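Good morning, colleagues. I would ask you to look at the sequence and the structure together while I speak.

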Amino acid sequence: MTNPLAPGSLSGKRVLITGSSRGIGAQTATYVAEAGASVVVNYRNKAVRAEKLVASLTAGGATATAVAADLTDPASVRAMFDRVQTELGGLDVLVLNASGGMEQGVAEDYAMQLNRDAQVNALETALPLLAPGSRIVFVTSHQAHFIKTTPTMPEYEPVARSKRAGEDALRALIPTIEAAGVEFVVVSGDMIEGTITATLLERSNPGALATRKEAAGKLYDVAEFAAEVALAAVEPIPADHTRYVGDISSFTG
């Protein structure tokens, strides 16, 4: 998968991607950094992985830094954005990529804390750093986006409902976001091959990935979907603020 962004097309831009030490977030960080942006790689506890990504990007001539923050801890989030303000002077793109809820040993309401409450807090904390013309990108799944009308796998339903709750809460803020001159777009994709979510789903429901792939005709891999997230940061925003990746006929038919 080649970088969908032209070299230098993001020169001078400052981008923070939550949950970007691995997977879709890390690949998105790579694309925007290679296009000239100064990238903040946010992670919760995967410091070695985040620093390795930053080292790889900077070795290639890009500008990147790793900043730890637990998105469910408002003080931690505030400290992260304070550091961004001090070191970069603001942001041009905020990609809300981090999500979860299928992990073992987490609190019963963790999915809602992370996928709804933490997303709203991150956006509201970051908004003063975003100048007019900046953009916020929220990453979700078709399974979550369409959960109100299309059932999903029982193993994923709590996460899907929390992600949809997060999307709804962010959409409710669109008037405030737009009043600040900032743009907002949701990127919705199907199950992504190679992600931790797909791995956990396959573990709890063997064959789930193959079944979904047959229904969809194609599932994007991490690099392909990350390319769509990167493009969402620069391409025109659809009227409904939603960028669909791949076929959605099985959700809308």
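Which element gives the most to the lining of the largest cavity? Before I answer, please note that the model shown here is predicted.

Let me begin with the cavity itself. The count of cavities of 30 Å³ or more comes to 1, and the largest cavity has a volume of about 30 Å³. Its lining is made up of V40, T65, V67, R83, V84, E87 and L88. Two elements, β3 (63-68) and α3, each give two or more residues to that lining. The answer to my opening question is α3, which contributes 4 residues.

Is S76 buried or exposed? The relative accessible area of S76 is 17%. Buried means under 20% relative accessible area, so S76 is counted as buried.

What, then, surrounds this residue? If we leave aside the neighbours within four places in sequence, S76 is in contact with A68, A69 and D70. For D70, there is a further detail: its backbone nitrogen lies 3.0 Å from a polar atom of the S76 side chain.

Thank you for your attention.

Note on methods: Residues numbered from 1 in each chain as written. Predicted model: local features only at pLDDT ≥ 70, side-chain atom pairs only at ≥ 80, totals over all residues. Heavy atoms only, no water. Buried < 20%, exposed > 50% of the residue type's maximum accessible area, 1.4 Å probe, protein only. Polar contact = N/O pair within 3.5 Å; in protein donor to acceptor, adjacent residues only side chain to side chain. Contact = heavy atoms within 4.5 Å. 1 Å grid on protein atoms, 1.4 Å probe; cavity = no way out; pocket = protein on both sides within 12 Å on 5 of 7 lines; lining within 4 Å. Points joined across faces, edges and corners; volume = space filled by probe spheres on them.
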